[in-house]
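Me: Hi! I'm new to this one and would like to talk through its charged pairs. Could you take a look with me?
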Amino acid sequence: MKKQLSMLLATAMLSAPVAFAEEALSYEESAVSLIYNAEQLSAEGVEPVIVESRTMLPFRALLENIGATVGYDEATRTVTAQKDETTITFGLDSVEVSVQKGEAAAETVTPDVANVIINDRVYVPVRFMAESFGMQVGWDAKLKTAIIVDIKEYCKEMFEKSPNLKKYIEICKIPESYTQATDFMLELDFASGEESYALDFGIKTTTDLQGSVAANETVINLNTDMLEKLAEISVSELKDVKFQFAYKDGNFYLKTNLVEKLKEIAPGHEFLNSISNLVSENTWYKANLEELFAELELPVEWIEILKDSLRGGNQTQEKFTEIMEKSIIKTGGAVLDDVSVAFALDSLFEMYQKLFSDEYFKLNQIDDKTYEIQIAFSKDMLLEVTEMLAGVEMTAEEKAMMEQMLVFDVKMSGTITDGFESLSEVFVEVGVKEDGTNFSIKLTGKESLKTDAGRTIEIPEVTMDLINLLKMLEQ
C-alpha cells in the first residue's frame, strides 16, 4: 500500500547567494532522519540537517516527496508549491512565506527558522512546510527522526482503492432536521469450569435535531450477575434508567433518574443517600460545553466533532477526512513522539483500506433514489487483518487453530433513500472457545431515521449549574 517516494534531485539546486551566508551557518549533519507516512525520505548526498533545533531539507526534495507540485520562477527566485487546496509561495531571499488555503485570502507567515543554503542547496524547515499543508509533524528524540503523518493522503488513497466508500460519501446527506431512533442489545456470556457470568445490556435512544438544536433521550436496562460475583456489588438489575440531554447555543443540558434507580436497589447506601438531594430526576443541569470539557479534561476537538454532527448538508470526502484527522490525531491520543506511532498509524489505515474495500463494503443501487448497503466481515477477514497488523504470515496449522477457537461474524445493512440513511441493522458476534472456556459477545440492533418528522425541542429554562454539581460530587 505504501507509496514509494522517489527523490527528484536531478535538477541542480540554485547556488546563487541567499540572505544567509553559508560560512556563518551552524548546523548538524549527524544521523538525522525523516519519515513521511511510514516511508523514510533519503537519498545519497541529500540528508536532513538540524538548524537552530529545527529539521531542514532541500525544498524540492521535501515538497515533491510529500506530494506537492513545485514550481520555480528564476527571475524572481520564487518557489510555489501546491497540494490539494493549499498553495505555498516563498522567495529564496525572503524570510516570509505566503500560505493560501482554498479560496481564502493568502496569509503571510514568518517561520521560526528561515531558509538556509548548505552545499549549494536551499534548505527549508520541515515542520513549517508540512504543517502548512495540514499534515501532522512530530519528533522522535531518541532516533533523531522527524515524523510527518499526512492523513489527507491516507484518506485519498483509501477513496481511490474503495470506490463504494467514495460513492457512499458522495450520496449521503445529513438532514437539517430529523428524528432518529436506535434499539441495541448487548449480550455477554463467560463460562470456565465452575465459573460463569452473564450480562444483558439494552439501550434505546431517541434523538431529535432541528438546525443546531438537539435533544436526546437514552433509556438503559441492565441484567447481570457479574457485579455481584466479581466486585460484591449487589446490583443485578437496573430498569428504565433514563438520561435526557439537550444542546443549544453552546450550552449542554442534562437530566437523569440514575440516582433514584440505584437507591431502589441499594436503599441504605450512604453515598447515594447523601447525593439524592443534589441529583434529582426532576432537575435539569446546565453547563457551557467548552467549560464542561475543560472541567472534565476532555479534548476540545470533540466539541467541533459534535458541532459538525449537528450541521446538515451533503457529506463530503473533506468532511470524512477532517473527522479522521480529529479522531485519530487530535482526540485519539496518537502523539507523534515515537516512530512506532507512525508505523502503527500506517497499519491502521492499511486495515481501514481492507475493511472499506469493495470486497466487504457493498453498495447496490436499487433505483434512482435508493441504495442498499451490505457490510460483512468474516473470520477469514479477521485472520487476514491480524496478519497485516502483525506483519507476519500464519502457518496453515496456526490458521486452523485460530479458525477453530474463534467466533467472528459481523453483518451490517442499511437503506439510503434520497441521500438519507433511513434504516440500518447490525449483528455482531465475537468469541473464543478453548479448553473448556467459552466467551462470547453478541450485539444486535437497528436504527431508523425520519426526516419529515421532529418533535418540538424544549430547552429547559430553570436549571442548576452542572459544573458546580460535579465539583460537589468530587468532595
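Reply: Happy to! A salt bridge here is a side-chain nitrogen of Lys or Arg within 4 Å of a carboxyl oxygen of Asp or Glu. Keep in mind that this is a predicted model.

Me: Okay, which residue does Lys152 form a salt bridge with?
Reply: Its partner is Glu325, and the closest N and O atoms are 3.1 Å apart. The pair links distant parts of the chain: Lys152 sits in helix H3 and Glu325 in helix H10, 173 residues apart.

Me: Is Glu325 buried or exposed?
Reply: Glu325 counts as buried because its relative accessibility is 10%, and buried means under 20%. Lys152, at 29%, counts as partly exposed.

Me: How many salt bridges are there by this rule?
Reply: The count comes to 14. Among them is Arg54 with Asp112, whose closest N and O atoms are 2.7 Å apart. Arg54 belongs to strand S4, while Asp112 is in the loop between strand S9 and strand S10, 58 residues apart.

Me: And how exposed is Asp112?
Reply: Asp112 has a relative accessible area of 53%, so it is exposed. Arg54 is partly exposed at 31%.

Me: Switching to helix H2, where do Glu131 and Arg127 lie?
Reply: Both are in that helix, 4 residues apart, which is about one turn. They form a salt bridge too, with the closest N and O atoms 3.0 Å apart. Glu131 is partly exposed at 38%, and Arg127 is partly exposed at 35%.

Me: Last one: which residues are linked in a network of salt bridges?
Reply: Lys83, Asp84, Asp150, Glu153 and Lys156 are linked that way.

Methods: Residues are numbered from 1 along each chain as its sequence is written. This is a predicted model: local features need pLDDT of at least 70, side-chain atom pairs count only at pLDDT 80 or more; totals for chains, interfaces and linings use all residues. Side-chain values use heavy atoms; hydrogens and water are left out. Helices (H or I, at least four residues) and strands (E, at least two) are DSSP runs, numbered from the N terminus. Buried means under 20% relative accessible area, exposed over 50%, partly exposed in between (1.4 Å probe, protein chains only).
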